[in-house]
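Please look over the sequence and the model first.

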Amino acid sequence: MTGKWEKNEEIKIFREYLKIPSVHPDPDYEPCVEFLRRQATDLGMDFSVFRPVNDKNPVVVLTLKGSDPSLPAVMLNSHMDVVPVFPEKWSHPPFSAHLAADGKIFARGSQDMKCVGMQFLAALRAFKKDGVKLKRTIHATFVPDEEVGGQLGMAKFVHTEDFRALKVGFSLDEGIASPTDTFPVFYAERPTWRVHFNCSGTPGHGSLLLKDTAGEKLRFVLDKMMDFRKAEQSRLVNNTELLIGDVTTVNLTRISGGVQSNVVPPLLTIGFDIRLATEVDHEQFQKQLEKWCAEAGGGIELVFELKDPLVPPTRLDETNIFWVAFKKAIDELKLKIRPQVFPAATDSRYVREIGIPAIGFSPMNNTPVLLHDHDEFLHADVYLRGIEIFRKIIGKVANC
């Protein structure tokens, strides 16, 4: 029953890419590089490899020169790395790219996001087959390290001369699957703050009731943070117009400290993952955290493991010619979309930070959201339909 999909050349290419285990915590990208080199040869695209940080983290660029190279180029970005797997939790080996009888392709990266990278190339392959010429130069970029923050990939690459030489004017990157008919389209991302509160206090014997202990201070801060979290939860529940990307999320992720069960410790630490809604004033929010530290009794060190700046969103109006072209393609395809703020973080934040408009979009609707989950899969028909969608979108944005 899988014959019609097994024989499809684009499905074969997709599954070949999925079988490369470029998986954290120690991904080997060289098999991806060689695979993409072969794709470039087949497509007649220029092939470049840059290593902005170190040899283990390559940035691969496949370039299709446009008829008017003076125009700003279009970047089609995807990442090569995938998150860890727990094979015993999967129905099929996670790097087998198993094609089930019903058309589901099971593999880590099938949704996040090897699908999009291969759909980009498939759309360009269709243009080549049909003799379609594009005005703008296309750069299909394949980057490392996105799943752990991008510091060894796009975060550094955008500040290099090699990137500036690409003359990128617009970027398409990943989105998220949708379980409904409507496709999410992402024009912004919430800044991520990873904050640690190092609570110092009076140490001593566990049988005493000492004042100003680290535990008391930790409790005060924890209560304040979780009360704030509950308020944001209520906003989300009580306003059906809001999505998760429209509120600030706070999650306790680490608690550490203590030396022995009968010793009151001099230091306890709690850590939070905070994703700030785009309208939050960063300076005021930090002042609020500092105020809670003072109210807890002082002696609390506020440490930022990560502190993303506020990055202006991509404009979705007539001032952005790429959005106009993107929307025209969507309308011609009669697709339902919902523009929104990405709830997590992608490499688009680094692109937007240097002033380049970026849109996140993965053409996967009527599909359960399984990124980072066990048994991640994408249906073959959804994948092939996505190629046609990207063909329309890329054609519009590359000729605007």
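## Cavity, pocket and sheet

Gln111, Asp112, Glu174, Gly175, Ile176, Ala177, Met364, Val369 and Leu371 line the largest cavity. On a 1 Å grid over the protein atoms alone, a cavity is a set of points where a 1.4 Å probe fits but cannot get out; a pocket is an open set with protein on both sides within 12 Å along at least five of seven lines; lining residues have an atom within 4 Å of a point.

This is a predicted model, where local features need pLDDT of at least 70, side-chain atom pairs count only at pLDDT 80 or more, and totals for chains, interfaces and linings use all residues. Residues are numbered from 1 along each chain as its sequence is written, and side-chain values use heavy atoms, with hydrogens and water left out.

The structure holds one cavity of 30 Å³ or more. Volume here is the space filled by probe spheres set on the grid points, which are joined across faces, edges and corners. The table sets the two spaces side by side.

| Space | Volume | Lining residues by class |
|---|---|---|
| Largest cavity | about 40 Å³ | five nonpolar, two polar, two charged |
| Largest pocket | about 490 Å³ | 10 nonpolar, seven polar, eight charged |

Ala, Val, Leu, Ile, Met, Phe, Trp, Tyr, Cys and Pro count as nonpolar, Asp, Glu, Lys and Arg as charged, and the others, Gly among them, as polar.

The largest pocket has 25 lining residues; Glu146, Glu147, Arg275, Ala344 and Ala345 lie nearest its centre. Strand S9 (192–200) and helix H10 (348–353) each give at least two residues to that lining. Helices (H or I, at least four residues) and strands (E, at least two) are DSSP runs, numbered from the N terminus.

An open sheet runs in the order S4-S5-S17, with antiparallel pairing of its three strands. Strands S4 (98–99) and S17 (377–379) are at the edges with a single partner strand each, so one side of each has no neighbour in the sheet. Strands pair if DSSP finds at least two bridges between them. Two bridges join S4 to S5 (residues 104–106). His98 has Phe106 of S5 as its bridge partner.

Helix H2 (residues 9–18) packs on this sheet and touches S4, S5 and S17. Contact means heavy atoms within 4.5 Å. Helix H11 (residues 380–398) also packs there, touching S5 and S17.

How values were computed
Axes are lines fitted to C-alpha atoms, for helices over the stretch in contact, and angles run from 0 to 180 degrees between N-to-C directions.
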